[in-house]
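I am opening a notebook on a structure that is new to me. The entries below follow the order in which I looked things up.

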Amino acid sequence: MNDGAASLPELIAGLPGPWQPVDAVQVNQAVVRVARLDGEFPWHHHEEDELFLCWEGTFRIEMHGEEPVTLRPGDVFVVRSGIEHRPVAEAPAHAVLLERPETLQYGN
């Protein structure tokens, strides 16, 4: 993680693989992460809100008991605390995430 400016395109280009997020910068009590999404991530939930910003490609957020939300470049969506969810990308896509530094990728 960089204390100065971070290039999201460079971080995204250097991602090690799908579902392996990299921290870009920390702000207040949150961290900005970038991730490559490809396929189905396991169902999980967090004890805090999780923000998804679609950077490139298309993906959807599936939530138990609710209609899925499809995100395209520039779209932003917040999964509220406690909601069981999973991101799904039919083709590789990239997301910018805003969450707490201690947020576990696979949830609580």
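Entry 1: Is Phe 52 buried or exposed? I looked up its relative accessible area, which is 3%, so Phe 52 is buried; the term buried means under 20% relative accessible area, exposed means over 50%, and partly exposed lies in between, with a 1.4 Å probe and protein chains only.

**Entry 2: ground rules.** I note that this is a predicted model, in which local features need pLDDT of at least 70 and side-chain atom pairs count only at pLDDT 80 or more, while totals for chains, interfaces and linings use all residues. Residues are numbered from 1 along each chain as its sequence is written, and side-chain values use heavy atoms, with hydrogens and water left out.

**Entry 3: confidence.** I looked up pLDDT, the predictor's confidence in each residue on a scale from 0 to 100, and found a mean of 92 for the protein, with 93% of its residues reaching 70 or more.

**Entry 4: aromatic pairs.** I searched for rings of Phe, Tyr and Trp (its six-membered ring) whose centres lie within 6.5 Å, where planes under 30 degrees apart count as stacked, over 60 as edge-to-face and the rest as tilted. The structure holds two such aromatic pairs. In one of them, Trp 19 and Phe 41 are tilted, at 4.9 Å centre to centre and with 45° between the planes. This pair links distant parts of the chain, 22 residues apart, as Trp 19 is in the loop between helix H1 (8-13) and strand E1 (22-27), and Phe 41 is in the loop between strand E2 (30-40) and strand E3 (50-56). I also noted that both Trp 19 and Phe 41 are buried. The rings of Phe 52 and Phe 59 have centres 6.3 Å apart and planes at 55°, so that pair is tilted. Phe 59 counts as buried because its relative accessibility is 2%.

**Entry 5: strand E2 and its partners.** I turned to E2 and found that eight of its eleven residues are buried, so that I can call the strand mostly covered. Two strands pair if DSSP finds at least two bridges between them. E1 and E2 pair in the antiparallel sense over five bridges, with Val 27 opposite Ala 30 in E2. Nine bridges join E2 to strand E7 (residues 85-99), and these two run antiparallel; here Val 32 stands opposite Leu 98 in E7.

**Entry 6: the turn at Asn 28.** The hairpin of E1 and E2 has two residues between the strands, and in it Asn 28 takes a positive phi near 50°. Asn 28 is exposed, with a relative accessible area of 66%. I also compared Asn 28 with Pro 16, and the two are twelve residues apart in sequence and 27 Å apart in space, C-alpha to C-alpha.

**Entry 7: salt bridges.** How many salt bridges are there? The count comes to eight, taking a side-chain nitrogen of Lys or Arg within 4 Å of a carboxyl oxygen of Asp or Glu as the rule. One of them joins Glu 99 and Arg 33, with the closest N and O atoms 2.7 Å apart, and it links strand E7 with strand E2 across 66 residues. Glu 99 counts as buried at 8% relative accessibility, and Arg 33 does so at 9%. Leaving out residues up to four places away in sequence, Glu 99 touches Ala 30, Val 31, Arg 33 and Glu 50, where contact means heavy atoms within 4.5 Å.

Entry 8: The side chains of Glu 62 and Arg 60 meet in a salt bridge of 2.8 Å, N to O. Glu 62 is buried at 13% relative accessibility, whereas Arg 60 is partly exposed at 21%. Arg 60 also forms a salt bridge with Glu 90, the closest N and O atoms being 2.9 Å apart. Arg 60 lies in strand E4 (residues 59-63) and Glu 90 in strand E7, so this pair ties together parts that are 30 residues apart in sequence. Glu 90 is exposed, with a relative accessible area of 64%.

Notes:
Helix = DSSP H or I, 4+ residues; strand = E, 2+ residues; numbered from the N terminus.
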